[in-house]
Amino acid sequence: MAGFLQQLVEGLGAGAVYASLALALVLIYQFTGIVNFAQGEMAMFSTYIAWQFTVAGLPFWLALVLTLAVSFAGGMLIERIVIRPVEGAPELTVVIVTVGLFIFVNAAAGWIWTFLIKDFPNPFPGGAVEAGGLSVGYSTLGVLAVVAVVMGLLYLLFQHTKVGLGMRAVAANPDSARLVGIRVGWMLALGWGLAATVGAVSGILVAPLLFLEPNMMGGVLIYAFAAATLGGFDSPAGAVAGGLTVGVAETLAGAYVGFIGSDLKVGVPLAIILFVLLLRPQGLFGRAVVERV
Amino acid sequence: MRGPAEVTDGPARTDAPARGRALARSITPVRRRWIAVAVLLAVACSLPFQLVPFRVFQFTMVMVYAVALLGLNLLVGHAGQISLGHGAFFAVGAYAAAIMLDRWDLPYPLTLPIAAAVAFVLGLALGLPAVRLRGLYLALVTLAIAIFLVPLLKRFESVTGGSMGLTLAKPAPPAWTGLAEDQWLYFLTLAVTVLAFLLAHGLLRSRVGRALHAVRDNEAAAEVMGVRLPFYKTLAFAWSAMFAGAAGCVYTWVIGFVSPDSFVVTLSITLLAGIVVGGLGSFSGPLLGGLFVMFVPSISQDINDAAPGVIFGLLIIVVMYVAPTGLAGLAGRVARSTENILRKE
Amino acid sequence: MRLSPIGCAAVTTTLLLATAACGGREEAGTGATTAAGQCSGQQTTGITDTSIKLGGIYPLSGPASAYGDIPKGIKAYFDYVNAEKGGIGGRKVEFVVRDDGYQPPKAVEEARRLVEQEQVFALFQTLGTPSTTATWDYANQRKVPQIFVATGASKWGTDTAHPWTIGWQPNYVSEARVYAQYLKQERPDAKVAVLYQNDDFGKDLFEGFKRAIDGSGITVAAEQSYEVSDPSVDPQMRNLAESGADVFLNVTTPKFGSQALAADARNRTWNPLHIVNNVSSSITVLKPVGFENVQGVVSAAYYKDPNDPQWKNDPEMMLYFEKMRQYAPGANPAVPYFAFGWAVAASFHKAMEAVKCPTREGLRDAVRSLDNVQVGMLLPGVTMTTGADDGFPIESMQLMRFKGERWELFGEVIDTRKEFGPLTN
């Protein structure tokens, strides 16, 4: 039983990592209706920037703040340069552009920083809380806490600020939003900037666990997709709940379902994506969208 | 490097200006296409006698990719469905052929229809749930399938050879042809490619093709107009898988080795990049895409080790901006404008 | 001029026949040359009295591109030999490197490019078991030496149908035997937990280990595999920890090696003897985990680690550092991949000096009749020996334990041939 509970805890830890990236995915989807395939790579790139700052001798927390600022600006810049020209184009076009961005960012990171792994400072202490035969690492608790804080901040931003109101208006109906005087273009860029910032947090959280190299987020991305699908692509709380569920499901399946084992557990997110999309396409927490011709 | 692409649009322009103008007028677009195809075929047939085996191999692979891209073009370009898992069907075809050759010692020509059929059926099976998904979601599901396939292939070691893969003998040229191995493989691939293009051509001119276009242009409207949406979307998925499977089978003949790590998700992404840059929804797009997939990485690696990725990524984005119809669209535009100049003279 | 589709077909056929009839093919190896004299009839493509051209295929892009540093070490060695020693036996070495992105079809293409277009004398290193498997039929059909491939699969030595292909580094099975031998002495009733990469490399080493402990008191208590596409091996590590094994065998590639070492360090309740395989034993893997967390980890080596202070005054190591700075100025010589490249290039130098005929056949025979050849960058006591029934150049390794900030070698050099008899299929 203790073993099972321990697996559960570790599953939550893994889930928090997926949730952090899923949050960024959901953010962009909410504002622009795009699933950003390059989200993980952008997060990886941000993490390299943070690494570069720490190598230059900056203390970790200062590097973090600088990285978040750079990522925010970078995200807006990407929206302005890369996404703006295909705004309003068919979904297909936009998806392909983000796939292109994915390939580009990944290769660019390899070009700049090589493919050798880098050590990334862990903001959390190494120990673990021991209670009743369970052991929960401080870094697991830390990741969970940060994800909760980020989710809370996003909630505050959306529900209690004017910017958040504007963003929601744009997400709901861009044309009407434009009519009431909201600068839609800037709101979309803001959405990308925010998502890039949340992505940077995600990258910095996972880098001490996964070790930094250009393909670091490649493996996480599919789990984050599953998390966002499960929670609903338009719900930050759903993304977090989805992330935790995916993490636990994957860990338990890998540990206790003999046939799946550790080699086939990547099938778990696939199964989740497929089942959710077939049974409840809007996800557990999402709203159904009615399409007009 | 002389690729077949360069000759597609340049027949009969060496005559005297007057005759040239008369000729240009008398050649309707349809007829021009036939001439282009004929010239292309003639060049394709003579290539293996002119080039060193290494180049012959490269063009063989161009055609393998072109057949796979033909399927992707059907799905993405004509039916407007996104697939990030096309490499999975390619792998299915490759493995089906490899297993038939390795375990059952089937003669290799038989493996082609069977591999294609296996991929078709699998495409149909996956297409059934996929029809309920649209756009983004379909991309997610197909991506997950492509990722999942690799460990799956490794798991069933007794059949697939596990992570070690399967090594196979390549088809030997019959003695009467007098051809070398690489030439024989080239002609086999050429035959499959021609067959595949004819099939795709016929398919798109049929009811199916019209229905697919309607789905791409406006799904909801198409449904209202009475297009049986699930049926045609599933069919598009299955056809596209079949072409990928056929390409995978030819790949097995040509490379003589399959392993799970040859079919990682990068392959699917590369294929998508190929068809986008080659030209979505156009006839010559798959061929140009095949050339792109084959030659751009080897040329760009001379710049920097990471350059192929950077250039791949950039090209995809740029092509989506300036030429949504890809290289094929560009080539068409160039051809039309030169023709106009020719007429005005 | 009016052409119907049928007319077009006719034109096509005519053209086709015309080209087929008159377009005789240029002979495949236009530059193919043969030797005269006592070596008469043997191939001298790519080699003259003043030059040798070699071609290597590595993953310079894609997920395995960390290995892309190896050819830089090789290039530095050849540049040094060309500039200061007049080349190998008066022949300047040209080393052409191509990228296959760890993709077998790409490797086939590049092998053909190197052999047919670049007209290389030999393929000097193809990296990875899949890429080498995809190319060795071709190399052997064309009778091109495929020398010192950078993979430890045992088939390069056990296979008899491909005499032109030979490995270099200790094969994974030999390495597994070294660990098994160590455990038999130190922990004769060890319960071993194994983490391995689910590919040819991981399987080869793990299967070799299972065979080597057969009949002893050592047992495998738990095994877990992972895919290179997995984000992390933490879940696998947890499952292994639950087995309560007292030895942990870490069969991973660099990134996952770091993750497994870190996971073991984090787990305070499970403290097994940690054996990490040679592929992941480089300092670049251990450093990100923190040296304080990897104390006492055991591995095995066969070439000198540039980070190890005991080689500080070793002449070969001093030469290596000096020449790396000179000929590969951007590279950090402490990265062991460069030392690996240097060592394999020096091994080629020795083999080339031993050829009876400066021909492809001569090189093939030379690398298959190495007798106790010493290479400066290899550990003292580790030498290259091959013979008619032995296709493995290096089969000795020495155990090492991590202490402070570096590996410390301990015990004797273990010659797995002597310990276990020749490797057979």
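Reply:
**The open sheet of chain C and its surroundings**

In this predicted model, chain C contains an open sheet of 5 strands, arranged in the order 2-1-3-4-5 with parallel pairing. Its edges are formed by strand 2 and by strand 5 (165-167) of chain C, each of which pairs on one side only. On average, and with direction ignored, neighbouring strands of this sheet are turned by 25° against each other. Helix 4 (residues 129-141) of chain C packs on the sheet, where it touches strand 1, strand 3, strand 4 and strand 5 of chain C. The direction of this helix makes about 165° with that of strand 3 of chain C.

Within the sheet, one pairing can be followed down to individual residues. Strand 3 (residues 122-126) and strand 4 (residues 146-149) of chain C pair in the parallel sense over 2 bridges. Phe124(C) stands opposite Ile147(C), a residue of strand 4 of chain C. In general, the strands of a sheet pair through backbone hydrogen bonds, in either a parallel or an antiparallel manner.

A further element that meets this sheet is helix 2 of chain C. The buried residues of helix 2 pack against strand 1 (51-58) and strand 2 (92-99) of chain C, and also against helix 11 (315-327) and helix 12 (336-353) of that chain. Helix 2 of chain C is mostly covered, with 11 of its 15 residues buried. The buried set begins with the run Ile70(C), Pro71(C), Lys72(C), Gly73(C), Ile74(C), Lys75(C), Ala76(C), Tyr77(C) and Phe78(C), and it also includes Tyr80(C) and Val81(C).

The length of helix 2 can be checked against its residue count. Helix 2 covers residues 70-84 of chain C, and at 1.5 Å a residue its 15 residues should span 21 Å. The C-alpha atoms at its ends are 22 Å apart, which agrees with that expectation. Just after helix 2 of chain C, Gly86(C) adopts a positive phi of about 70°.

Notes
Residues are numbered from 1 along each chain as its sequence is written. Chains are lettered from A and ligands numbered from 1 in the order in which they are written. This is a predicted model: local features need pLDDT of at least 70, side-chain atom pairs count only at pLDDT 80 or more; totals for chains, interfaces and linings use all residues. Helices (H or I, at least four residues) and strands (E, at least two) are DSSP runs, numbered from the N terminus. The expected span of a helix is 1.5 Å times one less than its number of residues. A residue is buried if 20 or more other C-beta atoms lie within 10 Å of its own, exposed if 12 or fewer, and partly exposed in between; C-beta atoms are placed from the backbone. Two residues are in contact if their C-beta atoms, placed from the backbone, lie within 7 Å. Two strands pair if DSSP finds at least two bridges between them. Axes are lines fitted to C-alpha atoms, for helices over the stretch in contact, and angles run from 0 to 180 degrees between N-to-C directions.
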